[in-house]
Amino acid sequence: MQALILIATIIIMITVKEIENLANLARIKLEEGEKQGLTKEIDSILTYLDQIKKATVNIDFSPKPGAVFNAFREDTVIVTSTEDRERILNEAPDREKDFIAVKKIIEQDIDL
Amino acid sequence: MIDIKNLTIKNAHEDMKSGKYSAVDLANAYIKVVNEKNKEINAYLEVFADIIEQAKEADKRFKDGTATILTGIPFAIKDNILIKGRIATAASKILDNYHATYDATVINKLKKEGVVFIGRTNMDEFAMGGSTENSAFGITKNPFDTSRVAGGSSGGSAAAMAMNGALSALGSDTGGSIRQPASFCGLVGLKPTYGRVSRYGVMAMGSSLDQIGPFAKTVTDAEIIYNVIKGQDIKDSTTINDNTYSIKKISKKPVIGVPRHFLGGDGIKKDVLDNFNESLEKFKKLDYEVIDIALPNIAYSLPAYYVIMPAEVSSNLSRFDSVRFGLHKDGKDGIDDYFLTRGAGFGREARRRILLGTYVLSSGYYDAYYNRANAVRRIITEDFVKAFEKVDIIMTPTAPAPAFKIGEKISDPVAMYLEDIFTVTANLTGMPAMSIPSGVSKVEGKDLPLGLQMTARHGEERVLFSVGKEFLGE
């Protein structure tokens, strides 16, 4: 019995490769040295989270009216003051005049 | 000399109104303490340079008769709540030197009252943690014992008050981040009903869980702040109005329910349990009826929370793209900038939770984790609603132990998460909960504060206030 549990634990273990994949999806560059540690930590957290699989959940999931409603409002244009616009633009790491500057994303110039 | 140690909002207001001292005098008294103590405690990340100017404005209002209960009251603000023109970092390197471009709704409301902002307080990065050790700008120490943590994530706000460096403070609470540090620092801390206080202008962590709330020395003070900051807001579509939840008429004294079956775990310290039982005895002496209740699924709260919260974190923190605001690390192209910036800007716990959230939301695991956790959240809420048919208020300790040592839990994320065992339920259910000081635990010759947590039905903060006041003799 104990051996069986051990095998089951090994099977659900998360791998360094999976961590690399998650970091790729989350757009985070990980340091080589932290991957092993992160794998171990996330694995221990997932083992803890697996408890929720034991909960008996047999409830009706069809939508029913709750107490809280979404609140709609008109999508109106609000004119931002020059001062506020400056504040926002100044927070951008790079700006050119009244635009936020980014790197070119088209790889080749197209001759028109 | 102003006795700021024993000062409350109510007293300070009366004193300023009667001219016993001015808002400038009061501000100076707090500045003096902050200058003496902040270097060691590290409660404030920044002490504002214009405190006296703010206080002078407050004094004008006392002169022209427009002063309100909060005019001139010194406030500490958690660094994830935006004050226009001031730096707001959420204790993250990715927002180092970011200036808020607008006021949070709660700040707008406090400005209208003419409060005095003392500074912005330290926290766990993006409010992720239970000790304020995850700040990119140093650890906040507990003023009751500087070898211990102040709690978290709103540890800076709690420590600022406990060192007498502010008369009141705002924090945010996603899984206990106001109540647990309040408990560690001997304060009152309130997490209002979800939707009661606008989240507009607070940096989102777990949007279905986050609420802003007050730290105060007394329940009366917490109620005063709550009444100012609450209210429906067109800028936060999840805010509720006074009629959203029907309020149950309580004929006599509120009945107290205790989920005794949930208090027997190994993790809960004997001192905490003894103190909790003493508190219940005190309520019985005050003629309250105390009964045992069952919350059959409460043990699943913490794992369900640690699925839902990281899922929301991974979505909310995707906005840090190195283009519009915040840190920018330059790589070979746009996508490389993105990877490098997020790699350099997010600390250990933030990346841990982003990756965990990405995992539980990814296609192979979505049903097993995220959907299941949401189903569990619903059955837990139903358990509470059912329990509230018999009782009016549910009590547990706020945290399983008093403040722990700095560094004690930092290398074991699950041990740190267990800190939230009693607090996360209120965020999952959306119900209001408050921690009040209930005594001390003597550890290594120091008196460490303990907290009693009270949870009420949706929309029934007033029950928390009335019971809390009676307990503390206010």
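Helix α3 (residues 32-49) of chain A packs against α9(B) at an angle of about 130°, and their axes sit 9 Å apart. That makes α3(A) and α9(B) oblique to each other, since the angle is not over 145 and so doesn't count as roughly antiparallel. Keep in mind that this is a predicted model.

**Where the two helices meet**
- On the chain A side, α3(A) brings Ile45(A), Tyr48(A) and Leu49(A) to the contact.
- Facing them from α9(B) are Pro303(B), Tyr306(B) and Val307(B).
- By class, this contact has six nonpolar residues, with no polar and no charged ones.

**The wider meeting of the chains**
- Zooming out, 49 residues of chain B are in contact with 37 residues of chain A.
- On chain B, the elements giving two or more residues to that side are α9 (301-316), α10 (334-345), α11 (348-361), α12 (366-387) and α13 (413-417).
- The largest share comes from α12(B), which puts in eight residues.
- Sorted by class, the side of chain B that touches chain A has 27 nonpolar, 14 polar and eight charged residues.

**Chain B as a whole**
- Chain B has 15 helices and 13 strands.
- Its radius of gyration is 21 Å, close to the 23 Å that the globule rule gives for 474 residues, so chain B is as compact as a globular protein of that length.
- Along its principal axes, the C-alpha trace of chain B spans about 70 × 65 × 50 Å.
- Of the 474 residues of chain B, 58% count as buried.
- Take the contacts in chain B between residues at least 6 apart in sequence: 75% of them join residues at least 24 apart.

Conventions: Residues are numbered from 1 along each chain as its sequence is written. Chains are lettered from A and ligands numbered from 1 in the order in which they are written. This is a predicted model: local features need pLDDT of at least 70, side-chain atom pairs count only at pLDDT 80 or more; totals for chains, interfaces and linings use all residues. Helices (H or I, at least four residues) and strands (E, at least two) are DSSP runs, numbered from the N terminus. The radius of gyration is taken over C-alpha atoms; the globule rule is 2.2 Å times the number of residues to the power 0.38. A residue is buried if 20 or more other C-beta atoms lie within 10 Å of its own, exposed if 12 or fewer, and partly exposed in between; C-beta atoms are placed from the backbone. Two residues are in contact if their C-beta atoms, placed from the backbone, lie within 7 Å. Ala, Val, Leu, Ile, Met, Phe, Trp, Tyr, Cys and Pro count as nonpolar, Asp, Glu, Lys and Arg as charged, and the others, Gly among them, as polar. Axes are lines fitted to C-alpha atoms, for helices over the stretch in contact, and angles run from 0 to 180 degrees between N-to-C directions. Angles under 35 degrees count as roughly parallel, over 145 as roughly antiparallel, 65 to 115 as roughly perpendicular and the rest as oblique.
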